[in-house]
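Work through the exercises below with the sequence and the model at hand. Each task is followed by a solution in steps.

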Amino acid sequence: MDQAKKMVPVKGAHPITVRFAASTSDTLQWKFQPQQREVKVVPGETALAFYTAYNKTDEPIVGVATYNITPLKAGVYFNKIQCFCFDQQRLRPKEEVDMPVFFYIDPEFAIDPQMANVRDIVLSYTFFKAK
């Protein structure tokens with residue numbers, strides 16, 4: 001969290017559209033989706049997004065999320081400060097919860113020549129039933 005307090009948007013940097021995607025494994029009976037389709041950020045700027053999960057069953061279920069960043073080369077610059085994916089999530093029967101992810105794109109993104117044409121990043125989560 002201390003890192004987030006130090007973040008300052010890079011002046012003159014092009015905005016990046018971060019799009020959100022969600023899925024669940026076949027064995028997890030949850031509805032899981034992002035609350036927003038996308039946000040625009042510049043490197044060094046923090047952002048907060050939310051996903052919603054709903055347990056469709058009559059049983060408590062524990063899930064764990066994995067994530068993916070595309071394009072892959074942008075992944076090194078994508079930093080999650082707080083994320084539901086850091087811990088397993090337990091949902092009671094028919095429970096719906098909002099799950100935040102607080103993130104920033106490293107300011108170094110703005111000066112990396114390999115990122116010059118990257119204007120879109122997709123943050124995708126998949127939830128699996130925990131063992």
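**Exercise 1: the open sheet**

The five strands of an open sheet follow the order E3-E1-E9-E5-E7, and their pairing is mixed. The model is a predicted one. Task: state which strands are the edge strands, and how E5 pairs with E7 and with E9.

Solution. 

Step 1. Look for strands that pair on one side only; these are E3 and strand E7 (89-91), the edge strands. From one strand to the next, the twist averages 30°.

Step 2. Take E5 and E7: they run antiparallel and are joined by three bridges. Within this pairing, Gly-63 stands opposite Gln-89 in E7, and Val-62 has Arg-90 as its bridge partner.

Step 3. Take E5 and E9: their pairing is also antiparallel, over eight bridges. Here Gly-63 stands opposite Lys-129 in E9.

**Exercise 2: two ring pairs at Tyr-51**

Task: classify the aromatic pairs that Tyr-51 forms with Phe-20 and with Phe-32, and say whether these residues are buried or exposed.

Solution. 

Step 1. The structure holds 13 aromatic pairs. One of them joins Phe-20 and Tyr-51, with 6.1 Å centre to centre and 90° between the planes. Planes over 60 degrees apart count as edge-to-face, and this pair is edge-to-face.

Step 2. Turn to Phe-32 and Tyr-51: the centres are 5.3 Å apart, with 20° between the planes, and the pair is stacked. Phe-32 lies in strand E2 and Tyr-51 in strand E4, so this pair ties together parts 19 residues apart in sequence. Both residues, Phe-32 and Tyr-51, are buried.

Step 3. Widen the view: ring pairs link Phe-20, Trp-30, Phe-32, Tyr-51, Tyr-67, Phe-78, Phe-84, Phe-103, Tyr-125 and Phe-127 into a cluster.

**Exercise 3: the surroundings of Cys-85**

Task: locate Cys-85, state whether Cys-85 is buried or exposed, and list its contacts.

Solution. 

Step 1. Cys-85 belongs to the loop between E6 and E7.

Step 2. The relative accessible area of Cys-85 is 12%. Buried means under 20%, so Cys-85 is buried.

Step 3. Leaving out neighbours within four places in sequence, Cys-85 is in contact with Ala-65, Tyr-67, Lys-80 and Tyr-125. Among these, Lys-80 lies over the face of Tyr-67, at 3.2 Å from the ring centre.

Step 4. Cys-85 and Phe-127 are 42 residues apart along the chain, and their C-alpha atoms are separated by 8.9 Å.

Notes:
Residues numbered from 1 in each chain as written. Predicted model: local features only at pLDDT ≥ 70, side-chain atom pairs only at ≥ 80, totals over all residues. Heavy atoms only, no water. Phe/Tyr/Trp six-rings, centres within 6.5 Å; stacked < 30°, edge-to-face > 60°. Helix = DSSP H or I, 4+ residues; strand = E, 2+ residues; numbered from the N terminus. Buried < 20%, exposed > 50% of the residue type's maximum accessible area, 1.4 Å probe, protein only. Lys NZ or Arg CZ within 6 Å of the ring centre and 35° of its normal. Pairing = 2+ DSSP bridges. Axes fitted to C-alpha atoms, helices over the stretch in contact; angles between N-to-C directions. Contact = heavy atoms within 4.5 Å.
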